[in-house]
Amino acid sequence: MQYISTRGGMSPKKFSEILLGGLAPDGGLVVPDQYPQLSADDLKTLAGKSYPDLAFAIISRFVDDIPAADLKALIDKTYTKAAFGTDEITPLTRLEDDLFIQQLSNGPTLAFKDMAMQLLGNLFEYVLNRAGEEINIVGATSGDTGSAAEYAMRGKKGVRVFMLSPYGKMSPFQRAQMFTLQDENIFNISVNNMFDACQDMVKAVNNDAAFKAKYKIGAVNSINWGRVVAQVVYYFKGYFAVAKEVGEPVDFCVPSGNFGNICAAHVARQMGLPIRNLVVATNENDVLDEFFKTGGYHPRGLDQTYETSSPSMDITKASNLERFVFDLTGRDGAKLAALWHTVEKAKGFDLSPADFARMHDEYGFRSDRSTHADRINSIREVFNTYGVQIDPHTADGYHAAKAHRQAGVKMVIMETALPAKFEATMQEALGSKPTMPAAVADLEKLPQRFDVMDSDVQTLKDYVAARAG
């Protein structure tokens, strides 16, 4: 398996060579030169496997430069009942005969990001130890990626984490999850701006080749290919859990801001998983909903980014969309680079009529958006009808799933986080506090450690350089 850049300017590399990085040297994103293909017989063989065995069967098709026994051991170490609360790892909650929620938030930070990040932490440590190297991870979070990365990397040998987040824009619980960590290799930076500004700072650091090389800068944001690969697994697990027989079409609805989670679903579909439609759910920051409904991708400025009650999706530049558009436009690196050149000039682009049609007809994408009122109504409806508490982001997914359900086709909504992370919104919707896992009941009372910074790239570089060792 070889990896290339969406923009065509990177020589092919192996998985371990691209695992630790973010952007490719040409500013693009790393993708496999081809997707592994699974036949109907292959799928039937996978259908009955445990989560760790399924994960190995899928991930080993993308990772062939780590000995199979070592890779299997890392996966088995990651996906345990102790870490995720159940042997199933991602059990499904049935709402109706053809409507399900796949539980992805049973990990240590109560969000779906743990599903990939816990494995990434073990992979990073293994690859670094094998090479005798260290890495400084510079990342940005709108709420859940940061804590998932920090919990996965805390105490890991040879790893430091510098995590940027928008000052005052996350929920109190999300802040506490990150800022209460006292590990010496964890640095929290609260930026006086929106998430997109944090993401732009991280991209600027990655685009400075000399700085990146000198300080061994790596990435764990959703642009990291290792995260996408790990997320592919649970789409297979969800499909096998609901399909009566292999080959039955199933729809998935995915709350999305940066397009990483649903990009993994797209990859699963390209590998041969019988996914019919992929429904993208957004909040009021609806740049993705606009793209899938009109074919126009026009990221908004920071002054047009709304603060919403599903804050992890308060994103108006969906970085991983580049991977899908690369496939959509025939994997033409020059064409993709030209499109994203217009994005970087704040102009955006519009798909050709042919590509727009293929996006719906061949790739099965649909989309919808939610408002705060929709979110509150969805939380109430799911609780009153099914007795299930869902967080505000999963509520965005429920709203979109209802809009795109088709009789006789199973729909799986991908859970984003546990309601405990969003107490104020849950209180508004249900009139009571959400169920709080005992292990984190007093988290917000603990001392917090973080630094405040303006959105200035040089200030960030100086901060990292002073602490990178």
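This is a predicted model: local features need pLDDT of at least 70, side-chain atom pairs count only at pLDDT 80 or more; totals for chains, interfaces and linings use all residues.

Visitor: Let's start with the record. Which residue does the UniProt annotation "modified residue: N6-(pyridoxal phosphate)lysine" cover?

Guide: That annotation, from an unreviewed UniProt entry, covers Lys113. In the model, Lys113 is found in helix α6, residues 113-131.

Visitor: Is Lys113 buried or exposed?

Guide: Lys113 counts as buried because its relative accessibility is 12%, and the cut-off for buried is under 20%. Leaving out residues up to four places away in sequence, Lys113 touches Asp144, Thr145, Ala148 and Arg227.

Visitor: Now the empty spaces. How do you find them?

Guide: The general idea is that rolling a probe the size of a water molecule over the atoms shows where empty space is left. Here, searching the whole structure turns up two cavities of 30 Å³ or more.

Visitor: Which residues are closest to the centre of the largest cavity?

Guide: The largest cavity holds about 240 Å³ of space. Its lining has 24 residues, and Phe112, Lys113, Gly257, Asn258 and Ser312 are the closest to the centre. Helices α11 (225-242) and α12 (260-271) each supply at least two lining residues. By class, that lining has seven nonpolar, 14 polar and three charged residues.

Visitor: What lines the second largest cavity?

Guide: Gln199, Val202, Lys203, Asn221, Ile223 and Ser319 line it, around a volume of about 40 Å³.

Visitor: And how much space lies in the largest pocket?

Guide: About 610 Å³. Of the 26 residues lining the largest pocket, those closest to its centre are Glu17, Leu20, Gly21, Lys212 and Ile217. Elements that each give at least two residues to this lining include α1 (15-18), α6 and α9 (195-207). By class, the pocket lining has 14 nonpolar, six polar and six charged residues.

Visitor: On to cysteines. How many disulfides does a search of the whole structure find?

Guide: As a reminder, a disulfide is a covalent bond between the sulfur atoms of two cysteines. The search finds zero of them here. Take Cys263: its nearest cysteine sulfur belongs to Cys253 and is 16 Å away. With 1% relative accessibility, Cys263 counts as buried. Cys198 is buried too, at a relative accessible area of 0%.

Visitor: Last topic, helices. How should I read which side faces inward?

Guide: In general, an α-helix has 3.6 residues a turn, so residues three or four places apart point the same way. In helix α13 (residues 287-294), the buried residues are Val287, Leu288, Asp289, Phe291 and Phe292. They pack against several elements, among them β10 (275-282), α14 (321-328) and α16 (353-361). After α13 comes Gly295, with a positive phi near 85°.

Visitor: What is Val232 in contact with, leaving aside its neighbours within four places in sequence?

Guide: Ile58, Ala264, Val267, Ala268 and Met271. Val232 is found in helix α11, and its relative accessible area of 1% makes it buried.

Technical notes. Residues are numbered from 1 along each chain as its sequence is written. Side-chain values use heavy atoms; hydrogens and water are left out. UniProt positions are given in the numbering used here, feature names are shortened, and annotations may be inferred rather than shown by experiment. Helices (H or I, at least four residues) and strands (E, at least two) are DSSP runs, numbered from the N terminus. Buried means under 20% relative accessible area, exposed over 50%, partly exposed in between (1.4 Å probe, protein chains only). Contact means heavy atoms within 4.5 Å. On a 1 Å grid over the protein atoms alone, a cavity is a set of points where a 1.4 Å probe fits but cannot get out, and a pocket is an open set with protein on both sides within 12 Å along at least five of seven lines; lining residues have an atom within 4 Å of a point. Grid points are joined across faces, edges and corners, and a volume is the space filled by probe spheres set on the points. Ala, Val, Leu, Ile, Met, Phe, Trp, Tyr, Cys and Pro count as nonpolar, Asp, Glu, Lys and Arg as charged, and the others, Gly among them, as polar. A disulfide is a pair of cysteine sulfur atoms within 2.5 Å.
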